[in-house]
Amino acid sequence: MSAGPTRVGMFGGAFDPPHRAHVALARAGVEQLGLGKLYVLPTGDAWHKARTLTAAHHRLHMAKLAFADLPQVQVDGRELERSGPTYSIDTLRELQAEHPQAQLVLLMGEDQAAGFTRWHAWEEVARLAVLGVAGRGTGEGVAALRALPGVRVEALQMPQMPESATDIRTRLTTGQDIAELVPPAVASYIESQHLYQAT
């Protein structure tokens, strides 16, 4: 019987909608950090988001479409099923129990890294997982994390990618094209479901 992957990744986010930079980060994590499996987890009740997220079933479906070409990725809806706020530490504990022999790697963008010490139970997050951080050229987020005691950081080499979900939602509400910003299947789904349109 196989012992399973030795490195298991976790990549959480609203994915509202998932875009090309999300996919690039997942691909870089798999390739550069040697992840045998990567869980992509659309967040449930995001404690740090002031706005209301798009319905969970839409975000889960879009994530499955966005990451379909990465065989190591498993889009996982467990955080959508939780009641109350969604915290990364809860999912990391579950993944540790499911993969007791694996080293856990938590993927994040440098913008998330900059606010890491505001995360719920961040010290335990850092104890359970290596932080795989995508640099945006400045490296400030990576440097700040490395300065924290007990935090293990591995930087991902990625090109500058300007995509942001906020920008994509704004473009959609004003009728602008997003074809260059999201995977084609995601663009088709957004159009078919009439998501992010101005009401």
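Me: In which helix is Val 125 found?

Reply: Val 125 is found in helix α6, residues 122-128. Helices here are DSSP runs of H or I with at least four residues, strands are runs of E with at least two, and both are numbered from the N terminus. The model is predicted: local features need pLDDT of at least 70, side-chain atom pairs count only at pLDDT 80 or more, and totals for chains, interfaces and linings use all residues. Residues are numbered from 1 along each chain as its sequence is written, and side-chain values use heavy atoms, with hydrogens and water left out.

Me: Why is Val 125 called buried?

Reply: Buried means under 20% relative accessible area, exposed means over 50%, and partly exposed lies in between, with a 1.4 Å probe and protein chains only. Val 125 has 0% relative accessibility, so Val 125 counts as buried. Leaving aside neighbours within four places in sequence, Val 125 is in contact (heavy atoms within 4.5 Å) with Ile 89, Leu 92, Leu 106, Phe 116 and His 120.

Me: Is Arg 7 buried or exposed?

Reply: Arg 7 has a relative accessible area of 13%, and therefore Arg 7 is buried. Arg 7 belongs to strand β1, residues 7-13.

Me: What makes the link between the side chains of Arg 7 and Glu 154 a polar contact?

Reply: A polar contact is a pair of N or O atoms within 3.5 Å; within protein, one must be able to donate a hydrogen and the other to accept it, and residues adjacent in sequence count only if both atoms are side-chain atoms. The polar contact between the side chains of Arg 7 and Glu 154 is 2.7 Å. Beyond four places in sequence, Arg 7 touches residues including Leu 33, Gln 103, Val 130 and Glu 154.

Me: Which strands are the edge strands of the sheet, and what makes them so?

Reply: The open sheet has six strands in the order β4-β2-β1-β6-β7-β8, with parallel pairing. Its edge strands are β4 (73-75) and β8 (153-156), each of which pairs on one side only. Two strands pair if DSSP finds at least two bridges between them. Strand β2 (residues 37-42) and β4 pair in the parallel sense over three bridges. Within this pairing, Tyr 39 has Gln 74 in β4 as its bridge partner.

Me: How do you know that the buried residues of α4 line one face of the helix?

Reply: In α4, Ile 89, Thr 91, Leu 92 and Leu 95 are buried. Seen down the axis of α4, these buried residues fall within an arc of 160°, so they line one face. The arc is that of the directions from the helix axis to the C-beta atoms. The buried residues of α4 pack against β1, β2, α3 (78-81), β6, α6 and β7.

Me: Which residues are buried in α8?

Reply: In helix α8 (residues 165-173), Ala 165, Ile 168, Arg 169 and Leu 172 are buried. Their arc down the axis of α8 is 100°, so they line one face of the helix. These buried residues pack against α9 (184-193).

Me: Why is α2 called roughly antiparallel to α9?

Reply: Helix α2 (residues 56-66) and α9 pack at an angle of about 150°, with their axes 8 Å apart. Axes are lines fitted to C-alpha atoms, for helices over the stretch in contact, and angles run from 0 to 180 degrees between N-to-C directions. Angles under 35 degrees count as roughly parallel, over 145 as roughly antiparallel, 65 to 115 as roughly perpendicular and the rest as oblique. Therefore α2 is roughly antiparallel to α9.
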